[in-house]
Amino acid sequence: KMTSAVGLVLWLQHWHWYPMMHMLSLALTPTFTIGLNKDFKYPKSFEIQCNAKPSQFAYPKRLEEKKKEEKKRVETVALSTTAKNKARLARKKAKEEAAEGGGDDMEVEKKEEEAKKDGDEGKEGKKEGEGEGMDVDGGGGDDKKEGGGEKKKKKKREPEPTSFRLSNPCRITKAQADFCSFDLGQRYRPIRPEETPFGVVMVTDSTPEEGEDGDLGVVKEPSLDGEDEADPPEPFEWAPPGHPEAVAAAAEEEEGKSEEKEEEEREWEE
């Protein structure tokens, strides 16, 4: 858009001349649409028909941060075969120690009994693990059944409507205005129905005898008592370059600068 580019270029010069700040409005396109009556109040029941899908001109969705899934640590299960191997190695070691050191038979018997106990505990752990596994498998089957029931209960995704209505006031972009139209069958109707529904729309009441019944809203006036409002600049006169007044002002500034330099030189000499 040429007007947007020109508006931004002129706005960048507001540092040198503050009235250029208003040129920023050329680069902006308003999307606020409101219907007002003769008293500048907006009727809440006034609506505008948009003949497009709601998702076509909807606000973009916010970006959602992906949640990091923490991996759960799985505990290792000791198998019965490892318990048997440990018991066998313990018995073999006890016999070797008895044969080499000539130890007591009682100590050898105790070590063999401990090895047997370890093997029995490994078998019992395996049985318990199998029982738990059966319980888990059974629970999984129930979950699958429940999941299947939930899938059946889910409704089919309804198709997106091809049109919708906008309340008063509302947001209508310039591209969306081509798909919008007035509904002349409602109570409040636009004075110029042939115009595109965009910006400020003046409406008239087709049935004033029915009364308002709190249907009218009031637009709040902006407060002029701003705490952080900057002070306005001091009044000044500006002349374009080359103008006689601008040339005279530039000459006066140069004379003033030369006088200041002379005074500084005198001070240094003294």
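What follows is a chat about a predicted model of one protein chain.

Colleague: Hi! How many helices and strands does the protein chain have?

Modeller: Hello! This is a predicted model, and its protein chain comes to 4 helices and 9 strands. From the N terminus on, the elements run α-β-β-β-α-α-β-β-β-β-β-β-α.

Colleague: Thanks. What share of the residues counts as buried?

Modeller: Of the 270 residues in the protein chain, 17% count as buried. The chain exposes about 24,000 Å², and carbon and sulfur atoms supply 53% of that area.

Colleague: And what share of the contacts comes from residues 24 or more positions apart?

Modeller: Taking contacts with a separation of 6 or more, residues 24 or more positions apart account for 64% of them.

Colleague: Let's talk sheets. What is the strand order in the open sheet of 4 strands?

Modeller: The order is β5-β1-β8-β7, and the pairing is mixed.

Colleague: Which strands stand at the edges?

Modeller: Those are β5 and β7, the latter at residues 188-190. Each has a single partner strand, so one side of each is left without a neighbour in the sheet.

Colleague: How do β1 and β5 run, parallel or antiparallel?

Modeller: They run antiparallel, with 2 bridges joining β1 (residues 32-36) to β5. T33 has C170 as its bridge partner in β5, while F32 is partnered with R171.

Colleague: What about β1 and β8, then: parallel or antiparallel?

Modeller: That pairing is parallel, over 3 bridges, and β8 covers residues 200-205. I34 has V200 as its bridge partner in β8.

Colleague: How many of the 5 residues of β1 are buried?

Modeller: The count is 4 of the 5, so β1 is largely enclosed by the rest of the structure.

Colleague: You mentioned R171. Where does its charged end sit?

Modeller: The charged end of R171 sits over the ring of Y59, 4.1 Å from the ring centre.

Colleague: Nice. How many aromatic pairs does the structure hold?

Modeller: The structure holds 2 aromatic pairs. In one of them, F57 and F179 are 5.6 Å apart centre to centre, with 50° between the planes, and the pair is tilted.

Colleague: Why tilted?

Modeller: Planes under 30 degrees apart count as stacked and those over 60 as edge-to-face, so the 50° of F57 and F179 makes the pair tilted.

Colleague: Which parts of the chain does that pair link?

Modeller: Distant ones: F57 is in the loop between β3 (48-50) and α2 (80-101), whereas F179 is in the loop between β5 (170-171) and β6 (180-182). The two residues are 122 residues apart. F57 is buried, at a relative accessible area of 15%, and F179 is partly exposed, at 35%.

Colleague: Where is T173, and which residues is it in contact with?

Modeller: T173 is in the loop between β5 and β6. Leaving aside neighbours within four places in sequence, T173 is in contact with T31, F57 and F198.

Colleague: Is T173 buried or exposed?

Modeller: T173 counts as buried, with 16% relative accessibility.

Colleague: Backbone time. Which peptide bond is cis?

Modeller: The bond from N168 to P169 is cis, with omega near -5°. P169 is found in the loop between β4 (164-166) and β5.

Colleague: What about F40, which has a positive phi?

Modeller: Its phi is about 60°, although F40 is not a glycine. F40 lies in the loop between β1 and β2 (41-43), and it is exposed, with a relative accessible area of 55%.

Colleague: Now for α4. How many residues does it have, and how far does it reach?

Modeller: Helix α4 (residues 244-269) has 26 residues and reaches 38 Å from its first C-alpha to its last. That is close to the 38 Å expected at 1.5 Å a residue.

Colleague: How many residues of α4 are buried?

Modeller: The count is 0 among its 26 residues, so to speak of cover, α4 is hardly covered.

Colleague: Last one: where does W238 lie?

Modeller: W238 lies in the loop between β9 (216-218) and α4, and at 53% relative accessibility it counts as exposed. W238 and W17 are 221 residues apart in sequence and 9.6 Å apart in space, C-alpha to C-alpha.

Notes: Residues numbered from 1 in each chain as written. Predicted model: local features only at pLDDT ≥ 70, side-chain atom pairs only at ≥ 80, totals over all residues. Heavy atoms only, no water. Phe/Tyr/Trp six-rings, centres within 6.5 Å; stacked < 30°, edge-to-face > 60°. Buried < 20%, exposed > 50% of the residue type's maximum accessible area, 1.4 Å probe, protein only. Lys NZ or Arg CZ within 6 Å of the ring centre and 35° of its normal. Expected span 1.5 Å × (residues − 1). Pairing = 2+ DSSP bridges. Contact = heavy atoms within 4.5 Å. Areas by Shrake-Rupley, 256 points an atom, 1.4 Å probe, with all protein chains shown as cover.
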